[in-house]
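Please go through the fold of this protein with the structure open beside the text. The report moves from strands to helices and then to the ligand.

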Amino acid sequence: MGTPGGKNVREGFLIMNATKKDAVLQLMDVKKIFAQGTVDEVTALNGVSLTVYDQDFISIIGSNGAGKSTLLNIVAGVFPPERGGRVIINGDDVTNLEEFKHATYAGRVWQQPGVGTAGNLTLEENLSLALLRGKRRGIRAAINKQRRQLFYEALTPLGLCLEDRLTALAGTLSGGQRQALSLVMATISKPAILLLDEHTATLDPKTGQTVLSLTEMIVERERMTTIMVTHNMEMALKYGNRLVMMHQGKIVVDMDEEEKRSLAVNDLVTAFEQASGEQFKDDSILLSHR
Ligand SMILES: Nc1ncnc2c1ncn2[C@@H]1O[C@H](COP(=O)(O)OP(=O)(O)O)[C@@H](O)[C@H]1O
Ligand SMILES: [Mg+2]
């Protein structure tokens with residue numbers, strides 16, 4: 001994303017995107033307070049506004065408890081934001097839409113491979129359910145020849161031979177294979193946005209790399225607009241065209257591709273400290289190589 005002129009960079013950036021690309025997701029002043037009015041009250045999101053454009057791939061990084069998963073939960077409709085906040089996807093106001101109706105808008109992959117896939121169902125049953133998510137009732141879950149062909153075509157490019165195991169139980173797959181299946185499930189019904197929540201964090205580094213490469217491939221092939229939460233700064237720098245940092249329920253850094261291209265992990269720490277006014281304390285982010 002260029003910033004023509006050089007003067008008033010932010011404005012130029014916004015105008016360019018508004019004219020050249022469509023906004024897929026708009027978050028407006030999104031707040032989330034848990035256990036409000038009790039001693040356990042937590043402000044997980046404290047006024048987040050973010051516009052995600054068509055085919056943006058945003059990496060989100062931030063320390064534990066910064067509000068990253070809460071943000072994805074709001075986009076996925078797990079719960080609504082506090083009153084006054086708005087969530088717009090593809091021009092539709094989905095702020096108060098029930099979670100199951102969000103499925104046509106957002107596909108998701110979680111940290112735990114077991115969450116996105118049902119271990120006691122076969123691969124093709126899992127994929128069928130994913131295909132039906134968010135659709136009107138009455139559409140049958142039957143697995144026919146045409147669907148098998150679709151699943152075959154979706155799995156083959158992964159290079160994991162999962163297409164030969166359509167009738168195997170998902171529970172027999174390894175963690176990495178299950179995350180790959182989750183990625184296909186999250187994208188097969190072509191949702192408006194793909195949400196990845198530290199989806200490689202429980203995998204060993206090598207498998208994590210494989211799943212990241214598959215992520216990139218699927219995102220490119222399906223032209224997905226993507227938000228990927230990661231706990232790893234190197235990963236955040238390497239993947240995506242935008243990098244967002246969160247701190248205490250707020251977005252404190254939002255960089256475009258040009259800005260992040262020249263940065264190393266140390267520069268990110270500096271950017272974080274300048275934006276938040278605090279020292280960067282979360283060693284797990286700096287030391288994590290997953
Ligand atoms: N369902 C919930 N109930 C109560 N508190 C929650 C809930 N989900 C998250 N929180 C709290 O909100 C804050 C942000 O959490 P989260 O969004 O999970 O952070 P992150 O994903 O950045 O680590 C944390 O303090 C967390 O304990
Ligand atoms: Mg989280």
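M245 stands opposite V253 in strand 10. The two residues belong to a pairing of strand 9 (residues 242-247) with strand 10, antiparallel over six bridges. Strands here are DSSP runs of E of at least two residues, helices are runs of H or I of at least four residues, and both are numbered from the N terminus. Two strands pair if DSSP finds at least two bridges between them.

The model is predicted: local features need pLDDT of at least 70, side-chain atom pairs count only at pLDDT 80 or more, and totals for chains, interfaces and linings use all residues. Residues are numbered from 1 along each chain as its sequence is written, while chains are lettered from A and ligands numbered from 1 in the order in which they are written.

Strand 8 (residues 225-229) is mostly covered, with five of its five residues buried. A residue is buried if 20 or more other C-beta atoms lie within 10 Å of its own, exposed if 12 or fewer, and partly exposed in between; the C-beta atoms are placed from the backbone. Which way do the residues of strand 8 point? T225, I227 and V229 point one way, T226 and M228 the other way, and all are buried.

Strand 8 pairs with strand 3 (residues 57-62) in the parallel sense over four bridges. In that pairing I58 stands opposite I227. Strand 8 also pairs with strand 7 (residues 193-197), again in the parallel sense, over five bridges. There D197 stands opposite V229.

Another open sheet has four strands in the order 2-1-4-5, with antiparallel pairing. Strand 2 and strand 5 (92-93) stand at the edges with a single partner strand each, so one side of each has no neighbour in the sheet. Strand 1 (residues 23-34) pairs with strand 2 in the antiparallel sense over nine bridges. Four bridges join strand 1 to strand 4 (residues 86-89), and these two run antiparallel. The table lists bridge partners for residues of strand 1.

| Residue | Bridge partner | Partner strand |
|---|---|---|
| V30 | V48 | strand 2 |
| L27 | V87 | strand 4 |
| M28 | R86 | strand 4 |

**Helices and a loop**

Is helix 2 enclosed or open? Seven of its eight residues are buried, so helix 2 is largely enclosed by the rest of the structure. The buried residues are K68, T70, L71, L72, N73, I74 and V75. G77 follows helix 2, and its phi is positive, near 75°.

Helix 7 (residues 175-187) and helix 8 (residues 205-221) pack at an angle of about 15°, with their axes 9 Å apart. Helix 7 and helix 8 are therefore roughly parallel to each other. Angles under 35 degrees count as roughly parallel, over 145 as roughly antiparallel, 65 to 115 as roughly perpendicular and the rest as oblique. Helix 7 passes helix 8 in a right-handed crossing. A crossing is right-handed if the near helix is turned clockwise from the far one by less than a right angle, and left-handed if anticlockwise.

A118 lies in the loop between helix 4 (113-116) and helix 5 (123-132). A118 has 15 C-beta neighbours inside 10 Å and so counts as partly exposed. From A118 to G171 the C-alpha to C-alpha distance is 7.3 Å, although 53 residues separate them in sequence.

**Around the ligand**

Which residues surround ligand 1? They are F34, A35, V42, A44, G62, N64, G65, A66, G67, K68, S69 and T70. Strand 2 (42-53) and helix 2 (68-75) are the elements that give two or more residues to this shell. Helix 2 supplies the largest share, three residues. A residue is near a molecule if its C-beta atom, placed from the backbone, lies within 6 Å of it.

The shell residues divide into five nonpolar, six polar and one charged. Ala, Val, Leu, Ile, Met, Phe, Trp, Tyr, Cys and Pro count as nonpolar, Asp, Glu, Lys and Arg as charged, and the others, Gly among them, as polar.

Definitions and conventions:
Axes are lines fitted to C-alpha atoms, for helices over the stretch in contact, and angles run from 0 to 180 degrees between N-to-C directions.
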